[in-house]
Amino acid sequence: PSREEITYFGAGPALLPTNVLNTAAQALVNYDNTGLGLAEHSHRSELATGIVNTAKADLAKYLDVPDDYEILFMQGGGSGEFSATVYNMVSIWVERRKQRILKELGIEGGKEIPEDELVMQLQKAVDEELRIDYLVTGSWSLKASQEATRLVGAEHVNVVADSRKANDGKFGKIPEESTWKLSKNPAMVYYCDNETVDGVEFPEFPKTLEPNGDDGPIIVADMSSNILSRRIPVKNFSVIFFGAQKNLGSTGITVVIIRKNLLPPAVATPAPTLLRKLGLPIGPIVLSYETIAKNNSLYNTLSIFDVYIAGQVLKSLLSTFPDKVDGQQAIAEKKAKTIYEALEAYPESYKIVPDKSARSRMNICFRVTHGGDVDAAEKNFLKGAVSNGLTGLKGHRSVGGIRASNYNSIQLPGAEALAKYITVFAKEKAA
Ligand code: PLP
């Protein structure tokens with residue numbers, strides 16, 4: 001089929017706007033009449049820096065990112081960030097703790113540091129106090145917490161809440177905030193804003209995590225699958241990260257939005273020798289936020305072509321929505337409502353997987369229950385969908401079922417076509 005004949009609901013990589021792809025296709029062959037394609041131009045060229053800076057500025061504009069935040073383009077995907085967040089936030093915790101100990105010891109600038117005493121006190125602090133807090137609300141935050149355990153050991157990882165506990169061992173609900181068990185002064189509190197596999201999305205920023213005063217907790221969020229689809233209170237976050245391949249662009253770059261008070265000169269990465277003495281992991285240099293920030297994301301070879309695609313998507317969003325992300329948010333909500341309402345109209349045919357309180361607007365997960373034989377019903381549903389040009393609807397292999405990924409590039413008529421098919425399929429089965 002041609003691109004026009006299908007609507008692809010895959011979870012990522014996701015559909016990209018055709019106009020962006022056409023522009024990018026030309027840029028891949030001959031960018032701006034330079035005789036070279038963008039994948040061939042040096043990442044050290046002025047042209048590359050221009051593309052990086054424009055994409056940063058447009059992202060900041062679209063999301064209203066305040067000036068005291070830095071935007072980084074990294075590699076290694078969302079999974080790379082599961083590790084990067086641990087390396088960087090543990091380092092920052094150690095550095096801040098070190099500064100506190102030095103102050104308590106009465107050491108001021110320029111004076112000799114009693115190394116043994118410092119290491120001893122820091123080691124005690126690490127052993128007794130270093131905790132990383134994870135809210136486990138789905139497969140991706142679970143994976144992130146497992147990576148933290150692999151890197152720093154279970155004794156330093158605190159699961160604040162696990163949504164499977166009060167939900168028959170399954171993801172699908174966000175535990176009541178009153179039940180969360182946060183650590184005192186954790187290196188970070190980590191959560192995944194939208195769980196792509198399980199269709200669970202935080203309805204809003206958690207009240208419990210709201211900063212009070214300047215010295216709020218360090219909040220880190222994975223927004224890989226819902227960034228650019230709703231307004232976020234950026235000020236409440238220390239770090240927001242997301243892979244590009246769902247709502248931003250093509251696979252190959254990962255974006256980090258980080259508060260500048262977590263970068264030099266406010267806080268430096270402790271010396272590797274110190275981390276080694278404390279038995280803490282030393283992250284690869286390419287995952288160091290400090291290094292990437294210092295080099296305006298061009299520490300090593302970055303795929304400028306992927307940054308360019310992201311930049312084109314942002315340009316297209318900015319020109320479509322004069323009110324920026326609010327405009328996209330209204331459409332995202334309308335599309336999700338259209339699909340959920342179609343499912344809800346036939347409770348004997350469909351069962352929506354997550355609880356209503358935490359339903360994702362981006363990944364709509366449901367089972368086809370009509371007739372009792374769920375497997376057969378879902379096979380039929382998928383087959384019929386494909387013949388209607390609706391593809392990529394199979395659920396994640398770990399959970400099965402149907403998943404409609406309703407990212408920004410799905411237009412309202414695409415969501416309406418799926419809703420119509422959901423209705424027609426249920427009616428046919430009932431007849
Ligand atoms: N986080 C979320 C919410 C995701 O949906 C995914 C992938 O789908 C990841 C992280 C992992 O991303 P990557 O495959 O880029 O490592």
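The C-alpha centres of domain 1 and domain 2 lie 33 Å apart. Domain 1 covers residues 51-307 and domain 2 covers residues 322-430, with bounds that come from an automatic or database domain assignment. The model is a predicted one, in which local features need pLDDT of at least 70 and side-chain atom pairs count only at pLDDT 80 or more, while totals for chains, interfaces and linings use all residues. Residues are numbered from 1 along each chain as its sequence is written.

The contact between the domains draws 22 residues from domain 1 and 24 residues from domain 2; two residues are in contact if their C-beta atoms, placed from the backbone, lie within 7 Å. On the side of domain 1 that touches domain 2, α2 (46-63) and β7 (200-201) each supply at least two residues. Helices (H or I, at least four residues) and strands (E, at least two) are DSSP runs, numbered from the N terminus. The residues on this side of domain 1 comprise 7 nonpolar, 9 polar and 6 charged. Here Ala, Val, Leu, Ile, Met, Phe, Trp, Tyr, Cys and Pro count as nonpolar, Asp, Glu, Lys and Arg as charged, and the others, Gly among them, as polar.

Next comes the sheet. An open sheet is formed by 7 strands in the order β2-β10-β9-β8-β5-β3-β4, with mixed pairing; two strands pair if DSSP finds at least two bridges between them. β2 (69-74) and β4 (157-162) stand at the edges with a single partner strand each, so one side of each has no neighbour in the sheet. From one strand to the next, the twist averages 20°. Strands β8 (residues 219-222) and β9 (residues 239-243) run parallel and are joined by 3 bridges, and Asp222 stands opposite Phe241 in β9.

Helix α5 (residues 139-152) lies across β3 (132-136), β4, β5 (188-192) and β8, running at about 155° to β3. Axes are lines fitted to C-alpha atoms, for helices over the stretch in contact, and angles run from 0 to 180 degrees between N-to-C directions.

Helix α3 (residues 77-104) has 28 residues and spans 40 Å from its first C-alpha to its last, close to the expected 40 Å, which is 1.5 Å times one less than its number of residues. Gly106, with a positive phi near 75°, follows α3.
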